[in-house]
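Please look through the structure below before reading the report. The text then goes through its parts one by one.

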Amino acid sequence: MTSLIESRLEALGIVLPAAVAPAANYVPAVESRGFLYISGQIPVGANGIEYVGKLGRDLTLEDGRAAARLCAINILAQAKAALGDLERIGRVVKLVGFVNSDPEFVDQPKVVNGASDLMVEVLGDKGRHARSAVGVAALPFGVGVEVEAILEIA
């Protein structure tokens, strides 16, 4: 039987990828005291790393939103790998988005909306969350966006 979350993903045309392995000495997710902490996810798609560059210089706002959306898809893939079933997500508590920004770029919140919007599209009210959107000088592999998450486990 298909879950509500899987049905929403299917309706959006999203197939969750395999969870990406860590690139350094850390684990992709930690379950502790009723919460799942998901390490920062970068925009890795079917063909590898996508959306490389700085927002406001190499990447447009639309590119940034797409990159953040892809990060959110990877967060859900990590959650499924850790929990076995996305229906175990009680709610998204917090997202933290890091935006590789040109010094003049100030639309970090609009970029991270790509991740926030996806969480609400897929999880409904359980996807509404607290959030930070931070401009940074650089990110791993030169990507434009990285997003981490804290999820409550139902």
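Asn74 is found in helix H2 (residues 61–83); helices (H or I, at least four residues) and strands (E, at least two) are DSSP runs, numbered from the N terminus. This is a predicted model, in which local features need pLDDT of at least 70 and side-chain atom pairs count only at pLDDT 80 or more, while totals for chains, interfaces and linings use all residues. Residues are numbered from 1 along each chain as its sequence is written, and side-chain values use heavy atoms, with hydrogens and water left out.

Is Asn74 buried or exposed? Asn74 counts as buried because its relative accessibility is 2%; buried means under 20% relative accessible area, exposed over 50%, and partly exposed in between (1.4 Å probe, protein chains only). Its side chain reaches the backbone oxygen of Ile42 at 3.1 Å. This is listed as a polar contact, a pair of N or O atoms within 3.5 Å; within protein, one must be able to donate a hydrogen and the other to accept it, and residues adjacent in sequence count only if both atoms are side-chain atoms. Leaving aside residues up to four places away in sequence, Asn74 touches Pro17, Gln41, Ile42, Pro43 and Val44, where contact means heavy atoms within 4.5 Å.

## The sheet

Five strands form an open sheet in the order E1-E2-E7-E5-E6, with mixed pairing. Two strands pair if DSSP finds at least two bridges between them. The edge strands, each pairing on one side only, are strand E1 (29–32) and strand E6 (130–136). The pairs are listed here.

| Pair | Sense | Bridges |
|---|---|---|
| E1 and E2 | antiparallel | four bridges |
| E2 and E7 | antiparallel | five bridges |
| E5 and E7 | antiparallel | nine bridges |
| E5 and E6 | parallel | seven bridges |

Ala29 stands opposite Ile38 in E2, and Tyr37 has Ile150 in E7 as its bridge partner. Ile89 is partnered by Ile153 in E7, while the partner of Gly97 is Ala133 in E6. The hairpin of E1 and E2 has two residues between the strands, and in it Arg33 takes a positive phi near 50 degrees.

## The nonpolar core

In soluble globular proteins, nonpolar side chains tend to be buried together. Here the largest nonpolar core has 34 residues, and those with the most contacts inside it are Ile89, Leu95, Met119, Val145 and Leu151. Such a core is a set of buried Ala, Val, Leu, Ile, Met, Phe, Trp, Tyr and Cys residues joined through side-chain atoms within 4.5 Å. Which element gives the most to this core? That element is H2, with nine residues.

Leu151 touches residues including Phe35, Leu36, Ala79, Ile89 and Val93, not counting residues up to four places away in sequence.

## Two residues in loops

Tyr51 lies in the loop between strand E4 (48–49) and H2. Although Tyr51 is not a glycine, it has a positive phi of about 55 degrees. With 26% relative accessibility, Tyr51 counts as partly exposed.

Phe141 lies in the loop between E6 and E7. Phe141 is not a glycine either, and its positive phi is about 60 degrees. Why does Phe141 count as exposed? Phe141 counts as exposed because its relative accessibility is 54%.
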